Amino acid sequence: MLDFIFKPKSIAIVGASADEKKIGHAILKNLITQGYTDKVFPINPNSKEILGLRCYPSVSKVGEDIDLAVIVVPAKVVPSVVKECGEVGVIGVVVISAGFKETGEEGARLEQEVVELVKKYGMRMVGPNCLGVFNTEIGMNATFAPDIPPKGRVSFFSQSGALGVALIDWAIGSGFGLGKFVSFGNKADLNETDFLEYFGQDADTDIILGYIEDVKEGRRFIEVATEVAKKKPVIIIKSGTTEAGARAASSHTGALAGSYRAFTEAFRKAGIIRVEGIKELFEVAEIFKSRKFPTGEKLLIVTNAGGPGIIAADTAEKNGLKLYPLTKESINFLVERLPPTAALYNPVDVIGDAPSERYLLVLEKAVFDPNVDGICVILTPQATTDVENVAKVVVEKAKKTEKPFVCCFIGRPKVKQGTLHLKQNDIACYDDPVTAIKAYSKLVYYAKHKNRGEDEFVRFPIPDEVKKEIRLILEALRDAGVTVIGEENSMKILSLYGIKFPKRGFAKTSDEAVKIAEKIGYPVVMKVNSPNIVHKTDVGGVKIGLKDEKEVREAFLEITINVQRAMPSAYIKGVNIYEMVSGGKEVILGVTYDYTFGHMVMFGLGGVYVEVLKDVSFRIVPISKREVYEMLSEIKGIKLLEGVRGEKPSDKEDLVDKILKLSQLVEDFPVIKEIDINPYLVKDKGGVALDARIIIG
Ligand code: COA
């Protein structure tokens, strides 16, 4: 528990200054003027008293317990201060000072020195290079932001201090209450996962917001976030998500992955709500304040204006929400009571001159209607609209149902009071239907995650001898400095984990090729076998549909000549001969490795065209059965696998089986970094892999 950071009983400010222009002055002033009532010790060897408080030359001279030390001295002095803190038994330090890792090698060394001291004395550290910490509940502002927002049950962690200052100001300006805040800067010790865990356990926090640029302990982050997100919504902005920094990948799977994907998948796995910008962060947080979650995707829109109703309906559809009409019984009730011009389907349009009673009629039915999981109330302030009464009607109805409401009161002065009344009662109200519906869709996304049962993880029994065999192959390859494993070994390893390949053989001469082809049975496929060639088709190294001895001999010659011409330096071992497999649908099964979150499994449609179509889905390993089914249903071309124009459907269970096996393979052998099985031919029963490549590292 990090209570010593967020609820310290005593705080020392090392570098407290009488100079009003200095940060050490601002923090001390914030601490003693904004409601913090516990002990504050200014530390500065040059002053006897600052802001009316006795000042101590060093922490060792305080003579009382210090829970937290906020350090605001130049970077080079920080190690000696931290050491002294450790010696007198300080529990936590917040290092505001900049001049560490962010400045280069020298700074990184200094940071390391500080981390080692923190560890040595069993302390915990926020920062360095950070804005600090506040907790509105106890009026503690240990940051140099001039004010703190009103009290609230939303807590916030931020990697960026500057953004933190802006957000604090925004929250103050919008009257948005916050509970605890921390800016953790270089996160040399405590990082996002620690604060996520703490806020997750914090009884005063209902909603967690975060801003992160990267994640330090990817696996732990997912584990902690998954637990926390089951209890409370976690809404995060992740910046730095362009693919500019993505490494050049040598596999199809790797080329289609990248850090944006990895974060998307990590957030999905954990049930984190991802938002793109600051405004959206608070907008989305607003809708979670009611703490009511829809049990499904059916949304009813009730409006007094056609246009905004249509905009809302369009946005709802784009975001996967379902607009069902009310039940017959509800419609019959409304037909008798609403004017004939009212639209009774979804959106229900109560018409521009609607008084609050018309809204009430619709809401009365909607809260009991099984075709409604949540309600969106739209209002435009027309001449006869009694805005405040509509707001009151919504609040009254919302109190009596577990179905969530989202409101959209469009305008400014005329809707101000109504909007305020809604917000005071924890009902989110926006001035744009798109914003309202998008925020509502995040509520639905989160509710699905929260209501999901425990995931089922399958483990296939793999005999120890099989594992040993694979380990020996991998070790031999690694010792030989191989990273891209050739087709033969890749097929061998994958076969041992249950991936089927066509019958095959290897020939060094055309005579051998004929013998093998006859054993396999015509027609056959021939591919060059060379450790230097990754894309065999591009160099004329593949021949298919060879029907007899003559064609096999010709193909042997052609392949060797083509490859020699295209890549004179390539070492040609010989030619592989395969059973010709036909029918089925081409898909790709792959694995890639992300430096933050580890292995990700990929499934996609299109086989060799996968990079053009980009119709792929990813999940982070280990993957559950539910996740595999989601992967399959997520791709746009899923209908093709379900069978079109009378075709038999492809064997989905075979794909599920193979994807789970790949997930288990890389879990068992983490040295495998990437796998491409491309194409994999999935048939109406079973499937067969036509090509495979493994990369180790
Ligand atoms: N113990 C206690 N006080 C000490 C000290 C020590 N070992 N060593 C120095 N001090 C005092 C100084 O005498 C000074 O007090 P004074 O005003 O009475 O002379 C005070 O600590 C501050 O030191 P000073 O050298 O004046 O530094 P500063 O106030 O100009 O700057 C920082 C200090 C930490 C603010 C500055 O180095 C810095 O890092 N700024 C950037 C902060 C930042 O942006 N952080 C990230 C935000 S997101």
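How many aromatic pairs does the structure hold? The structure holds 21 aromatic pairs. A pair here means Phe, Tyr or Trp rings (for Trp, the six-membered ring) with centres within 6.5 Å; planes under 30 degrees apart count as stacked, over 60 as edge-to-face and the rest as tilted.

Before going further, some ground rules. This is a predicted model: local features need pLDDT of at least 70, and side-chain atom pairs count only at pLDDT 80 or more, while totals for chains, interfaces and linings use all residues. Residues are numbered from 1 along each chain as its sequence is written, and side-chain values use heavy atoms, with hydrogens and water left out.

Back to the rings. Take F288 and F293. Their ring centres are 6.4 Å apart and their planes sit at 45 degrees, so the pair is tilted. F288 is buried, at 2% relative accessible area. F293 is partly exposed, at 23%. Buried means under 20% relative accessible area, exposed means over 50%, and partly exposed is in between (1.4 Å probe, protein chains only). There is also a cluster: ring pairs link F6, F157, F184, F195, Y198 and F199.

Now the cores. A nonpolar core is a set of buried Ala, Val, Leu, Ile, Met, Phe, Trp, Tyr and Cys residues joined through side-chain atoms within 4.5 Å. The largest has 102 residues, and I13, V70, F157 and I235 touch the most other members. Helix α16, residues 433-451, gives the most to this core, with 7 residues. Helices (H or I, at least four residues) and strands (E, at least two) are DSSP runs, numbered from the N terminus. A second, separate core has 47 residues, including I493, L641, V666 and I672.

What does I235 contact, beyond its neighbours within four places in sequence? Among the partners are I207, I208, L209, I273, V275 and F288. Contact means heavy atoms within 4.5 Å.

Next, helix α2, residues 23-33. G24, H25, I27, L28, N30 and L31 are buried there. Their cover includes strands β1 (10-14), β2 (39-43), β5 (68-71) and β9 (140-143). Just after α2, G35 takes a positive phi of about 115 degrees.

K187 has a phi of about 40 degrees. K187 sits in the loop between β11 (180-183) and α6 (192-201). Is K187 buried or exposed? K187 is buried, with a relative accessible area of 4%. R645 has a positive phi near 50 degrees, in the loop between α23 (638-642) and α24 (652-668). R645 is exposed, at 85%.

Two cis peptide bonds to check on screen. One joins G127 and P128, with omega about 0 degrees. P128 is in the loop between β7 (124-126) and β8 (132-135). Another joins N678 and P679, also with omega about 0 degrees. P679 is in strand β28, residues 672-682.

Last, the whole chain. It has 24 helices and 30 strands. Buried residues make up 55% of its 697 residues. The C-alpha atoms fill a box of roughly 100 × 80 × 40 Å, taken along the principal axes. Of the contacts with a separation of 6 or more, 71% join residues 24 or more positions apart.
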